[in-house]
Amino acid sequence: MPRILSARTGPRRTGYALVLGLVAAQDDEEFGSPQILPGGDWVLSSVKLGDGTWDEAQIAVHNLDSNERKVILEGGSAPRYLPSGHIVYAQANSLFAFPFDLESLERTGGSVSIVEGVQRSSNGIWDTANYLVSDNGTLAYVVGGTQAAIIQRSLVTVDLEGNAIPLTDELRDYFRLRLSPDGSRVAAEVSTAGGGGLTTHIWIVDIENGLGRQLTFEGTNNQYPTWTANSQTVVFQRDLSALYQKAADGSGEAELLFQSEVRPRPTDVSSDGVLAFYEEVVEGRVGGDIWTLQLEDSSASEHLATPANERMAMFSPDGQWLAYRSDESGLDEVYVRPYPQGTQRLVSDGGGTAPIWARDGSELYYRSLSGNLMAVPIQTSPTFVLGRQRELFPVAGFRMSGNVSGYDIDGAGEGFIMVSEGEISDGSSSRPQINIVLNWFEELKERVPIP
């Protein structure tokens, strides 16, 4: 049976943490875009109910002392109170505004459409509208609809000097990828446009013929693929809150392994069937703790939980060591430690992230904070010895991830598989732009008068 996490005590972590947990959400609610109103007694936010969308959310104010809630508007999200005396919010790809009285906490006029063509969250999961308004009345917003631009990217093999060769002729909006242990297939995220936004699914690309096929079809946000040791099964995250596994040949249904409200992200599976993943938000802080899950019975437990932010755990090929990223020192660094227990050793020099083991375990690769791919020889037996680090090549021009390593060793162990950057398609002739409107409050007060 899948293991389901219950909520811990402490600050609320559903959606965005709202004022350190002083305002409580109900079990079927999700908060977004919190803002403390002038005076400090009330908080403005959006409230998404059950399976509804953010466009169907409520805009409400919450009292920090009594937890009283007052719904201001039905059907909107991403609200902001402005010094002009207005509340601005998003509906679809437009911004609306209405006059708002701080004393009575009441609307004092109807909603008026004020800006069209504002970019929203690419997948509809987040309460996001890409706009900001300064206290002196400058408006900045990203132009674009709910359908974000699709980038046509390539899967490429990259040698130790950084030279890239396409792995397939099929261009898609690829992102985080992993190569199967037998070297025959790549599992990667692919985003496609439709339904007013982006959906992300796991695709499998055959190395021999370069052909890709979609593996997942349920949900809207399937991410972070990783393989089991036998190359037969892909583990992934679905819609932020659950871990699934599915046969790589597409047969059968996806099986739920684990569910949690704090966004479990799978990073690697050991040779003996232990899944490593991390949880993003822990006890009200933005951080990460590394967990492990036995694929045999879906039993999960915390493995590395400290005040630091740990993530990106990767097993050595023999399963005896774990590499990961931690900010324990105040700077992101790559560490390794014996698995399941032992003393950690620092690997990176001056900052590092995104560790990947060589296929024979003789080296560890990571990305320096300056943007170069680094290689470090490692001896783990009979004693642990680090060799001299060397710089390979800059990763500029390749799509990297801040949540998992996002690239992999190629099948021959002599280079890497990465995602190259590409060109925008699907009708977008240019990259998104930011519009700046000066003295916007004057226009706003004219179009939405304050009574």
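Helices (H or I, at least four residues) and strands (E, at least two) are DSSP runs, numbered from the N terminus. By that rule the chain in your viewer has 1 helix and 40 strands. The model is predicted: local features need pLDDT of at least 70, side-chain atom pairs count only at pLDDT 80 or more, and totals for chains, interfaces and linings use all residues. Residues are numbered from 1 along each chain as its sequence is written, and side-chain values use heavy atoms, with hydrogens and water left out.

**Whole chain**

Colour the chain by burial. Buried means under 20% relative accessible area, exposed over 50%, and partly exposed in between (1.4 Å probe, protein chains only). Of the 451 residues, 52% count as buried. Contact here means heavy atoms within 4.5 Å. Among contacts between residues at least 6 apart in sequence, 43% join residues at least 24 apart.

**Stop 1: the sheet β2 to β5**

Two strands pair if DSSP finds at least two bridges between them. An open sheet of 4 strands runs in the order β2-β3-β4-β5, with antiparallel pairing. At its edges are β2 (29-36) and β5 (69-74), each pairing on one side only. Neighbouring strands are turned by 30 degrees against each other on average, direction ignored; axes are lines fitted to C-alpha atoms, for helices over the stretch in contact, and angles run from 0 to 180 degrees between N-to-C directions. β2 and β3 (residues 42-49) pair over 6 bridges, and Ile36 stands opposite Val43 in β3.

Now pick Ile59, in strand β4 (residues 58-63). Ile59 counts as buried because its relative accessibility is 0%. Leaving out residues up to four places away in sequence, Ile59 touches Leu44, Ser45, Ser46, Lys70, Val71, Ile72, Leu73, Gly76, Ser77, Pro79 and Tyr89.

Show the side chains of Lys48 and Trp54. The charged end of Lys48 sits over the ring of Trp54, 5.8 Å from its centre. The rule for this is NZ of Lys or CZ of Arg within 6 Å of the ring centre and within 35 degrees of the ring normal.

**Stop 2**

Go to Asp239, in the loop between β21 (233-238) and β22 (242-247). Its phi is near 50 degrees, a positive value in a residue other than glycine. Most residues other than glycine have a negative phi, and most peptide bonds are trans. Asp239 is partly exposed, with a relative accessible area of 29%. Arg238 has its charged end over the ring of Tyr244, 4.6 Å from the ring centre.

**Stop 3: two cis prolines**

Select Tyr339 and Pro340, which are joined by a cis peptide bond with omega about 10 degrees. Pro340 is in the loop between β30 (333-338) and β31 (345-346). Then move to Ser381 and Pro382, where the peptide bond is cis with omega near 0 degrees. Pro382 is in the loop between β34 and β35 (385-386).

**Stop 4: the largest core**

A nonpolar core is a set of buried Ala, Val, Leu, Ile, Met, Phe, Trp, Tyr and Cys residues joined through side-chain atoms within 4.5 Å. Which residues have the most contacts inside the largest one? They are Phe393, Tyr407, Phe416 and Met418, in a core of 31 residues. Strand β34 (residues 372-379) gives the largest share, 5 residues.

Show rings next. Rings of Phe, Tyr and Trp (its six-membered ring) pair if their centres lie within 6.5 Å. Such pairs link Tyr365, Phe393, Phe398, Tyr407 and Phe416 into a cluster.

Then select strand β38 (residues 416-419). Phe416 and Met418 point one way, Ile417 and Val419 the other way, and all are buried. β38 pairs with β14 (residues 155-158) in the antiparallel sense over 4 bridges, and Val419 is the bridge partner of Leu155. β38 also pairs with β37 (residues 408-409), over 2 bridges. In the hairpin of β37 and β38, with 6 residues between the strands, Gly413 takes a positive phi near 75 degrees.

**Stop 5**

An open sheet of 3 antiparallel strands has the order β11-β12-β40. β11 (131-133) and β40 (434-437) each have a single partner strand, so one side of each is left without a neighbour in the sheet. Leu139 has Val437 in β40 as its bridge partner.

Finish at Asn439, in the loop between β40 and α1 (440-447). Asn439 has a positive phi of about 55 degrees although it is not a glycine, and at 59% relative accessibility it counts as exposed.

Definitions and conventions: Rings of Phe, Tyr and Trp (its six-membered ring) pair if their centres lie within 6.5 Å; planes under 30 degrees apart count as stacked, over 60 as edge-to-face and the rest as tilted.
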